[in-house]
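Hello,

The structure we spoke about is below, and my notes on it follow. Please read them with the model open.

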Amino acid sequence: MKPFNWDNPYRTERTPLFARNVVSTSHPLAAQAGLRMMLKGGNAIDAAIAAAATIVLVEPVSCGLGGDCFAILWDGKQLQGLNASGVAPAAWNVEYFKRKHGVNAQGLANMPMRGWDAVTVPGVVAGWAALHERYGKLPFESLFEPAIEIAERGFAIPPMVHRKWTAAAAELKDQPGFAQAFMPEGRAPHIGELFSLPDAARTLRLIAQSKGREFYEGELAEKIAAFSKACGGAMTLDDLRAYKPEWVTPIAKDYRGYTLHEIPPNGQGIAALMALGILQHFDVADLPVDSLESQHLQIEAMKLAFADLYRYASDSRSMEVTPDQMLDDAYLASRARLIDRDRATQFGPGRPASGGTIYLTAADENGMMVSFIQSNYMGFGSGVVVPGTGISMQNRGYGFSMDPVSPNVVEGGKRPFHTIIPGFLTRDGVPVMSFGVMGGDMQPQGHLQTVVRMLDYDQQPQAACCAPRWKLNRDFTLDLETGIKHDVAEGLQAKGHVLKAVDDPYMDFGAGQFILRLSDDPVQGYVAASDSRRDGQAVGF
């Protein structure tokens, strides 16, 4: 890795962590749970699973036992990708939603945002089991000891989790099982209040003892299916039994001598690759790091990538163009030529040639590195909590299209378009960095902005993490984080960018975790960063 400027020009209380074994997450108790596994002799995969099982308890505003996950990992020889996102219940199709939820003004079926008809088959538990089966070192049961202890004894609510919990409670209190699980006093818990999840403790024990099978074919599966039926949902035991996560080959794009790797669609990681492939055609490093010109080029590249993403990305089995076609060098060069350096442009999709989330990362001194992300989607997800289990269900079904001509149209057994994406950086086939920036549509934008800062401007991981960010919205309006200079904001407006008021800075600008190798030899250790926008922490030894 080329040398960084180790100064940090941005206001922050965080400093980078240097250690030979590292875990970085958005909650300190989750990071410490992972570190406990390493101290017991476990590897980076063991640490990641322990951290992931813990964070569903201590940050339930972002993820849960009924969520999904993805991972990219370096196993010592090569990169491997895992897609553990869920699929639609077999009964789902456009007509199902028309019958149950009616149609909108355009004549398309309404897709509910919350409740059982937003829930796809959860993949996170199967994802943990698949990672451990192939790469785990410690017994599977031992990985859940920290989480079970926290679920039984409770944990004190930190400020940012409290804020999101309070904001969600008013909307979700009437969803099946939500108030009983997450509002036992009739409200969201206060900052510093002890909160326990005894039902989740029992569920975690069943998952640990069965290596996840109970969730898909045992007692837990029966409870999920029965509650779905009682509430008028479509998910059945057969849907749960049929689910399998998928090992995949990551997709990649070269940038400034390095290679960024992402999970292929149904995720949106391809947008980060496309944006970097477009930006490769500009001498970004010749522009000052926080300048108007640099920010404008990055924003326009991201807009071009999003225009194609929203048109073409879906479950890879139903895409009308391939990821290779979307990442073709000649195609991205043609897209780059559309950028006007003086004016913002409202781009449409091109035509390639035919042919609520948490992120965590862990790395160990033997060289194993894992980039891992899991989510319930919109905060608490669907709002559905299966009684007696502590299983809060995601609402990933809301990512489907109700337009019959869309490649992302809803269909039984199909994966919806996903926002969560782990990232991984290599150089000449050697691992460099496992990283991610959580937060809905912010994720590929966070990948782009932090990678540009590190590779074009030599900023060290914590500085790249702390730097102020911009965010494109679905309508291509622009949010700017506090810290972006006033003259840059004015200059963006003068170029035609439409600025929008920021409603939710917690979600709008994401939060990252980074672990970067200090040399080709993992024994030399790593440097880690944890985003100050969350309660998180990087820990190591």
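**Notes on the model**

In the hairpin of β8 and β9, two residues lie between the strands, and Arg256 takes a positive phi near 55°. This is a predicted model, in which local features need pLDDT of at least 70 and side-chain atom pairs count only at pLDDT 80 or more, while totals for chains, interfaces and linings use all residues. Residues are numbered from 1 along each chain as its sequence is written, and side-chain values use heavy atoms, with hydrogens and water left out. Helices (H or I, at least four residues) and strands (E, at least two) are DSSP runs, numbered from the N terminus.

**The sheet that holds the hairpin**

Strands β8 and β9 (residues 258-262) are antiparallel and share five bridges; two strands pair if DSSP finds at least two bridges between them. Tyr255 has Tyr258 of β9 as its bridge partner. Buried means under 20% relative accessible area, exposed over 50%, and partly exposed in between (1.4 Å probe, protein chains only).

At the β1 end, three bridges join β1 to the antiparallel strand β19 (residues 526-530), and Leu17 is bridged to Ala528 of β19.

**Helices against this sheet**

Contact means heavy atoms within 4.5 Å. Axes are lines fitted to C-alpha atoms, for helices over the stretch in contact, and angles run from 0 to 180 degrees between N-to-C directions.

On the α13 side the contact is made by Gln295, Gln298, Met302 and Phe306; on the α16 side, by Pro444, Gln445, Leu448, Gln449, Val452 and Arg453.

**The other sheet**

A further open sheet of seven strands, also paired in the antiparallel sense, has the order β7-β4-β3-β11-β10-β2-β20. Its edge strands, β7 (246-248) and β20 (537-540), each pair on one side only. The twist averages 15° from one strand to the next. Within this sheet, β3 (residues 68-74) and β11 (residues 369-375) run antiparallel, joined by seven bridges. Ala71 has Phe372 of β11 as its bridge partner.

**Nonpolar cores**

A nonpolar core is a set of buried Ala, Val, Leu, Ile, Met, Phe, Trp, Tyr and Cys residues joined through side-chain atoms within 4.5 Å. The largest has 89 residues, and Trp128 and Phe144 have the most contacts inside it. Helix α2 (residues 44-58) gives the largest share of this core, 13 residues. Leaving out residues up to four places away in sequence, Trp128 touches Ile49, Ala52, Ala53, Val56, Leu65, Phe140, Phe144, Phe372 and Gln374. A second, separate core has 65 residues, among them Ile278, Leu279, Cys465 and Val527.

Regards
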